[in-house]
Amino acid sequence: MKPTSRLRILDHLRKHHTASAMDLSRALGMTRANARHHLVVLEENDLVQVIGLRKEGRGRPRNVYALSRHVLGDGLDELAHLLLEEWAAELGEGQRDRVFRAIAGRLAKRSSGPLAVRLAETVKQLNQLHYQSRWEAGASGAQVILGHCPYAAIIERHPELCRMDAFLLEASLGLEAQQTLKLDRSGQGMPTCVFLVK
């Protein structure tokens, strides 16, 4: 099967590290307009990023692209794991919770008004932090569903981060939050965490 133009662009960037639309046009035998179109789509999907500008002939400077950090990775998972491991070794359980509450308080934006408004504002804030969250009313109280764990790469080694999520909800909503499901796959296959707030 012949690779698509976008796969060819990604492969070119893997081999050559950077390229402009003109570079890709020459190397891959496509028009500059076509190369620019594919680069825009790849950038929208967080596969490439603009890393600078380059003067190419007359006219304004052109964007220079490289593979995104998302594609290349960055080693932050292992660094975060080691930092948490060292930090946890220095503190007792109660001290850890105090620090996690303080961190959650710094991340949280306290919502006010009726519960439905506070929940909507909290979900919006969580989504800015990459949780892909939503809330639902339930017989026992409101449930906040986290569709993505921003700490998924280290959560197995650091389950205490789930307590920080509970503290974050409590700081945002002014209510107690209790985790009822952790990385549950019973829904649509994606692991979700559920917190009951009341």
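Is leucine 129 buried, exposed or partly exposed, and what is its relative accessible area? The first legend takes that up, and the others move on around the chain.

**Figure 1. Leucine 129 sits in the loop between H7 and E3.** This is a predicted model, where local features need pLDDT of at least 70 and side-chain atom pairs count only at pLDDT 80 or more, while totals for chains, interfaces and linings use all residues. Residues are numbered from 1 along each chain as its sequence is written, and side-chain values use heavy atoms, with hydrogens and water left out. As for the opening question, leucine 129 is partly exposed, with a relative accessible area of 27%. On this scale, buried means under 20% relative accessible area, exposed means over 50%, and partly exposed is in between (1.4 Å probe, protein chains only). Setting aside residues up to four places away in sequence, leucine 129 touches Leu107, Pro150 and Leu168; a contact here means heavy atoms within 4.5 Å. Serine 5 is another story: 124 residues separate it from leucine 129 along the chain, and their C-alpha atoms are 33 Å apart.

**Figure 2. Histidine 130 has a positive phi.** The value is near 75°, and this residue is not a glycine. Most residues other than glycine have a negative phi. Histidine 130 belongs to the loop between helix H7 (115-128) and strand E3 (133-136). Helices (H or I, at least four residues) and strands (E, at least two) are DSSP runs, numbered from the N terminus. With 56% relative accessibility, histidine 130 counts as exposed.

**Figure 3. Leucine 183 also has a positive phi without being a glycine.** Its phi is about 45°. Look for leucine 183 in strand E5, which covers residues 177-184. Leucine 183 comes out as partly exposed, at 28% relative accessibility.

**Figure 4. Leucine 10 is a buried residue in helix H1.** The helix spans residues 5-16, and the relative accessibility of leucine 10 is 9%. What does leucine 10 touch, leaving out residues up to four places away in sequence? The list is Leu42, Leu47, Val48 and Leu67. Take leucine 42: it is 32 residues from leucine 10 in sequence, and 8.7 Å from it in space, C-alpha to C-alpha.

**Figure 5. Alanine 33 is in helix H3.** That helix runs over residues 32-44. Alanine 33 counts as partly exposed, at 46% relative accessibility.

**Figure 6. Arginine 98 is exposed on helix H6.** Residues 93-107 make up helix H6, and arginine 98 has 52% relative accessibility. Phenylalanine 167 is 69 residues from arginine 98 along the chain, and the C-alpha atoms of the two are separated by 9.9 Å.

**Figure 7. Cysteines, but zero disulfides.** A disulfide is counted when a pair of cysteine sulfur atoms is within 2.5 Å. Cysteine 149 is in no disulfide, and its nearest cysteine sulfur, in cysteine 193, is 5.9 Å away.

**Figure 8. The whole chain, for orientation, has eight helices and six strands.** From the N terminus on, the order is α-α-α-β-β-α-α-α-α-β-β-α-β-β. The radius of gyration is 22 Å, well over the 16 Å that the globule rule gives for 198 residues, so the chain is more spread out than a compact globule. That radius is taken over C-alpha atoms, and the globule rule is 2.2 Å times the number of residues to the power 0.38. Along the principal axes, the C-alpha atoms fill a box of roughly 65 × 40 × 40 Å. Buried residues account for 36% of the 198. Of the contacts with a separation of 6 or more, 45% are between residues 24 or more positions apart.
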